[in-house]
2 protein chains.
Amino acid sequence: MEDLSFVPDLPSGPLDVYRNTASFDWKRLKLALEGDIELLKLKYRIWHALERDPLFAHNPVTPSVEEQKRIAQKQLKRILEYKFQTKQMIIESSYSARTRTVMTINEAIQSLNPSVSVKGAIGIYLFSNALLSLGTERHLKFYEASNVNKEILSSFALTEIAHGSDARLMRTTATYDPAQKQFVIHTPDFEAAKCWVGNLGRTCTHTMLFAQLITPDGTNHGLHGFVVPIRDPLTLETYPGLIVGDMGEKIGVNGIDNGFIMFNQYRIPRENLLNRTADVTEDGVYESSFSDPSKILGAALENLSAGRIGIMQESCHSISSAVAIAIRYAATRKQFGEKDKEIPLIEYPLHQWRLFGYVAAAVVFRVYIDSFTRLYLNIVEKSNAGIKVDHLSEAVAEVHAMVSCSKPLITWCTLHAAQQCREACGGHGYLKAANLGEIRSNHEPTVTYEGDNTVLSQQTGNWLLRQYESVLSGNGVDSPLGTLTFLKDHKDIMRTKFSCTETEELKTRKFIITTYKWLICYLLKQTHDKLDSELSKGLTRFEARTKTQVYKCKTLTRAYAEYLSLVFCIESIDKKEDSLKPVLNKLFNLYGLWSLDSHLVELYQGGYGNGEALARLLRDGVMELCGELKGEIVSVVDALAPTDFVLNSVLGRSDGNLYQNLQKTFFNHPGAFERAAWWREVVNIPPSKL
Amino acid sequence: MEDLSFVPDLPSGPLDVYRNTASFDWKRLKLALEGDIELLKLKYRIWHALERDPLFAHNPVTPSVEEQKRIAQKQLKRILEYKFQTKQMIIESSYSARTRTVMTINEAIQSLNPSVSVKGAIGIYLFSNALLSLGTERHLKFYEASNVNKEILSSFALTEIAHGSDARLMRTTATYDPAQKQFVIHTPDFEAAKCWVGNLGRTCTHTMLFAQLITPDGTNHGLHGFVVPIRDPLTLETYPGLIVGDMGEKIGVNGIDNGFIMFNQYRIPRENLLNRTADVTEDGVYESSFSDPSKILGAALENLSAGRIGIMQESCHSISSAVAIAIRYAATRKQFGEKDKEIPLIEYPLHQWRLFGYVAAAVVFRVYIDSFTRLYLNIVEKSNAGIKVDHLSEAVAEVHAMVSCSKPLITWCTLHAAQQCREACGGHGYLKAANLGEIRSNHEPTVTYEGDNTVLSQQTGNWLLRQYESVLSGNGVDSPLGTLTFLKDHKDIMRTKFSCTETEELKTRKFIITTYKWLICYLLKQTHDKLDSELSKGLTRFEARTKTQVYKCKTLTRAYAEYLSLVFCIESIDKKEDSLKPVLNKLFNLYGLWSLDSHLVELYQGGYGNGEALARLLRDGVMELCGELKGEIVSVVDALAPTDFVLNSVLGRSDGNLYQNLQKTFFNHPGAFERAAWWREVVNIPPSKL
């Protein structure tokens with residue numbers, strides 16, 4: 001057994017009651033959820049280092065937006081100085097191991113200050129990855145300056161004021177001028193200004209710009225990537241020809257300086273075009289290695305997959321922190337009870353039901369994303385190394401479909417979890433010091449950025465429908481990763497009927513997976529039939545698709561994402577040590593039934609079950625699992641939670657001394673007991689006679 | 001027809017397309033939703049006055065928490081100086097009319113700065129109402145100083161650190177000392193400190209304290225109300241013997257100075273006990289007009305009903321503002337389309353489905369709460385005037401049951417609406433300037449304060465169960481307001497079956513109300529049977545009740561609240577002018593079916609319907625209504641929205657010039673184009689060679 005003494009023990013206290021009942025060692029579970037002891041050590045090393053660094057001290061009062069930007073930039077600089085990723089790690093390890101190290105560092109920092117992890121992810125890693133995949137040798141100098149020497153900070157300029165989701169219609173142009181051998185970047189009007197560009201508002205020196213490439217003959221070759229200098233790295237002054245501004249305050253992540261930019265006939269060298277997939281000769285002739293320009297765009301944007309995986313990893317951290325706070329509060333906060341004998345909130349079935357499903361989701365998601373990331377990196381690594389991957393393009397399509405529904409599932413679930421956790425902590429949860437508000441606000445943009453969840457999941461829908469249509473027409477399923485292979489048996493699957501008579505039959509992998517397969521087949525048929533019927537009325541495919549989203553495609557892609565998280569989780573659980581399997585299986589079953597609960601209408605509507613037993617047994621199963629997990633749940637969140645310093649919540653400290661911690665926070669709040677400095681301005685009034 | 005020229009016309013522009021298709025005059029709808037032309041005029045008078053007052057100018061950058069408190073206090077002072085409620089209004093009008101005026105002023109201010117309306121509501125109105133209902137002549141001086149002369153500002157100290165929902169176990173004591181003829185207030189420890197007291201942190205001069213009254217013989221007579229001086233009104237210095245602190249930053253409403261307080265043997269005059277229901281003689285003998293101390297508490301806390309009604313009114317404003325922003329954005333933001341012909345988001349069925357249900361909810365809630373408030377005030381007015389109200393105590397119980405489920409329904413729905421609206425505005429919705437973040441954060445505490453929604457709705461559950469048990473045992477239903485009279489027919493109702501074959505049959509009052517009646521009867525039976533079965537296992541009533549909440553009592557109380565809003569709405573629609581009835585009926589039907597959608601599982605489980613038609617027709621009905629309302633919805637939100645100044649959203653301005661407004665906001669943002677003042681601190685790095 002690995003030595004886990006580097007994970008600090010938890011202080012004894014009021015939480016012991018619910019810790020002593022756990023069937024497992026929380027540190028073993030923590031390791032199992034992290035997946036790799038070296039990465040777990042790295043995370044703790046980072047957290048301990050930053051806890052000792054005054055620059056990372058928590059501020060009880062939210063600093064001004066401008067100050068948050070300053071802090072984030074300074075923290076990023078400091079983190080790079082720490083060199084958590086050592087030279088040795090870079091040299092000795094594989095691409096896959098290297099990337100997982102960077103991801104781990106990113107996660108560790110995100111749970112402390114999400115603005116800083118985003119700054120680094122955009123400013124260095126997204127930029128340098130894009131250089132590697134879209135650029136050529138001539139862009140290595142940028143790679144060196146960014147990823148190796150950290151001399152420059154970048155940003156990623158794609159979204160425009162009037163176009164976000166539909167990248168095709170973006171209007172920023174890069175017109176080639178053969179006389180000067182330069183591209184002339186231009187923004188026709190404010191609606192075409194690039195916006196929401198993280199790091200652009202105040203700090204970046206370069207941007208990775210996506211603009212319509214136009215050759216001297218007037219042909220538009222579609223969106224291409226360019227490296228564009230923005231600020232003098234010595235002075236941070238923006239260059240002439242640019243209107244660069246900060247977008248101002250947002251709901252959260254205000255440490256990020258999101259900016260907008262308009263180019264006024266702004267010139268950059270020809271070589272700044274990222275030319276792996278296409279180039280423009282000195283004379284202005286466009287040469288592409290792809291024939292279809294939309295494929296070029298696809299290759300360029302596929303880079304975003306890694307970003308979306310990063311968002312899912314960060315979401316797993318956010319949901320873990322949120323449930324850790326709420327569960328520890330629930331175990332220490334007492335209210336009502338038999339006569340005057342008060343009981344902790346965690347004893348109430350309603351409170352268990354409000355929270356435990358999210359704890360199970362946090363565990364299932366974490367296990368899923370860990371497995372999925374390995375699989376993804378493995379494909380990329382092989383492909384980069386020129387090793388043949390069978391059915392590569394089909395695999396890429398499947399990965400894209402998986403990411404496009406999993407990011408919505410996980411980010412939305414985390415958002416709802418954070419909100420539920422805040423409410424489950426009552427009024428005290430509304431304190432900034434509880435940290436649930438910030439976890440929520442900082443997480444929130446993930447549901448609309450890097451692909452709006454609603455739009456993104458439609459891409460999964462399209463892939464699923466293509467597979468279904470292929471099966472109907474007698475061809476196979478293109479699912480090299482095997483996530484949809486079962487579709488070939490859709491006729492048999494659709495004949496499945498609910499026939500359980502006891503909750504024990506439902507609290508099983510078999511029931512959960514079988515039911516999901518039925519559900520996906522049913523929703524595919526519903527969506528496909530609706531699409532067909534709309535098309536037969538003479539609607540275009542675009543129009544018809546808009547009419548199949550609600551109650552159909554939308555539900556389908558969510559069910560498929562839930563199914564993915566469950567099947568990946570099963571595979572992973574079976575490899576974990578035996579002592580953890582009972583609790584992991586219970587959490588798996590809870591997440592499965594709790595998720596199926598939201599699909600009961602379809603199960604009834606499609607005739608999978610009828611009569612009252614289906615809903616009753618499924619819901620009884622959920623409640624039984626909640627009860628069975630009551631004695632485990634505090635140790636589960638101990639395994640999910642970061643250190644107290646990182647969690648930074650007065651309600652969620654691991655010592656469980658709820659009221660002592662609240663008192664300390666209130667009494668130490670700057671100026672808590674002072675008379676308001678502005679008292680003279682408000683004691684209007686004729687002196688009271690009282 | 002009333003002259004509505006005081007409501008400014010809306011500017012012509014891009015929204016005209018969707019305004020011209022409306023079947024009604026939006027100003028007539030606005031009046032209908034307000035319910036009273038004088039109150040509507042008053043609202044516009046307030047909004048226009050404050051728009052011209054620099055103290056109420058919007059700040060593009062969120063001020064520090066301390067500054068927000070200063071501003072809120074100064075704004076409150078200024079509002080009182082405006083005397084929007086004239087002497088004449090006070091003299092000439094009835095209690096009911098007076099209260100509605102105060103409520104209207106409160107709503108008008110809440111939509112501009114919720115901290116100010118809360119400050120006033122707690123500091124003046126809650127205090128003076130409590131004095132009237134719990135105090136006697138000897139407290140008139142406080143009433144004069146507060147409500148008439150505005151010399152003092154109060155707060156309301158009930159919640160303690162360790163007890164919020166369960167008021168019985170609060171531990172602050174008020175022990176009578178006959179020697180000095182004083183009450184000695186004492187806080188045993190930090191857990192018994194009063195907390196979350198709005199206005200207490202920095203500004204109030206007095207508090208309305210609830211403490212356990214103990215007579216010299218050592219008897220604890222339960223919670224009683226006391227007027228307790230906190231600060232010298234001349235200097236705002238707190239008095240010796242008090243530890244008074246500000247609780248620090250919260251997720252929202254940071255203009256409110258929530259405070260905590262610990263009393264150290266703090267003495268107040270005997271006369272400061274609010275003695276309408278009980279008193280202590282000079283010698284220390286307790287004399288009560290009620291025999292049961294819990295009833296005294298009940299009478300004291302029933303005052304909170306008015307506060308909860310106020311919260312519902314404010315929620316109606318918040319949901320109206322949120323949907324107005326999102327709908328106007330949806331009508332002006334184009335994305336995707338047939339080839340390159342982009343269409344506005346509002347054309348997408350999925351987008352309609354995401355938003356229109358909340359628009360319908362905003363209208364139904366507003367109509368419901370307006371009717372309900374009149375009814376409530378009517379009862380209170382009669383009761384105060386000594387006019388006999390038939391079955392008064394049963395009516396009070398019914399009102400309490402209605403409030404206790406409606407406040408959860410409306411506050412939760414508003415919270416979800418604000419979140420959905422923010423997401424439906426994509427990335428731009430994440431801007432502070434969109435105002436959706438603040439609407440959401442400021443609204444959020446309502447779901448856990450003035451009675452945590454989860455706990456509060458259980459009180460409705462208890463009332464409903466009592467009525468059901470009464471019917472089962474052959475007695476009638478105690479429902480003087482008639483909201484549950486139908487329960488006597490529960491056997492017939494339970495025999496109802498779904499038998500529709502076309503969506504037109506579902507888009508009717510008859511279907512919606514019939515189905516809700518079935519649903520309530522079914523859920524009552526489910527809840528009651530579960531309770532019985534748990535009791536028969538030997539569980540106590542407390543334990544058994546905890547096991548009937550999830551999927552049962554919780555769903556029941558929500559269904560009952562939805563039903564209430566629908567039946568009150570029907571009655572009200574029938575009194576509106578004819579030109580508005582078509583759109584109001586469509587909105588009613590949409591809200592009804594959209595809400596029933598979330599109960600489909602119960603409709604299947606209980607055998608109301610089986611087979612696929614029920615879910616299909618109901619959901620098709622929802623989508624059809626969305627389509628039918630597309631041409632109406634912009635005018636509906638015009639009727640719901642306040643003025644642009646009050647709405648304060650760059651995405652929701654009534655001129656519909658989305659991108660011009662965004663440009664102005666970005667370009668005018670303070671310091672948008674400036675180099676960061678801290679640039680020297682971050683240009684670390686050896687100068688780049690690029």
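Select α3(A) and α6(A): the two helices are oblique to each other, oblique being what remains once angles under 35 degrees (roughly parallel), over 145 (roughly antiparallel) and 65 to 115 (roughly perpendicular) are taken out. The contact (heavy atoms within 4.5 Å) includes Leu39(A), Ile46(A) and Trp47(A) of α3(A), and Thr104(A), Ile105(A) and Ile109(A) of α6(A). Helix α3 spans residues 37-51 of chain A and α6 residues 95-110, with an angle of about 40° and axes 9 Å apart. Axes are lines fitted to C-alpha atoms, for helices over the stretch in contact, and angles run from 0 to 180 degrees between N-to-C directions. Helices are DSSP runs (H or I, at least four residues), numbered from the N terminus.

This is a predicted model, in which local features need pLDDT of at least 70 and side-chain atom pairs count only at pLDDT 80 or more, while totals for chains, interfaces and linings use all residues. Residues are numbered from 1 along each chain, chains are lettered from A, and side-chain values use heavy atoms, without hydrogens and water.

Next, show the cysteines. The count is 0 disulfides over all chains, a disulfide being a pair of cysteine sulfur atoms within 2.5 Å. For Cys521(B), the nearest cysteine sulfur belongs to Cys553(B), 15 Å away. Cys626(B) has its closest cysteine sulfur in Cys421(B), at 14 Å, too far for a bond. Cys626(B) is buried at 1% relative accessible area (buried is under 20%, exposed over 50%, partly exposed in between, with a 1.4 Å probe and protein chains only).

Finally, select Ala360(B), in helix α11 (residues 349-384) of chain B. Ala360(B) is buried, at 0% relative accessibility. Leaving out residues up to four places away in sequence, Ala360(B) touches Leu587(B), Leu590(B) and Tyr591(B).
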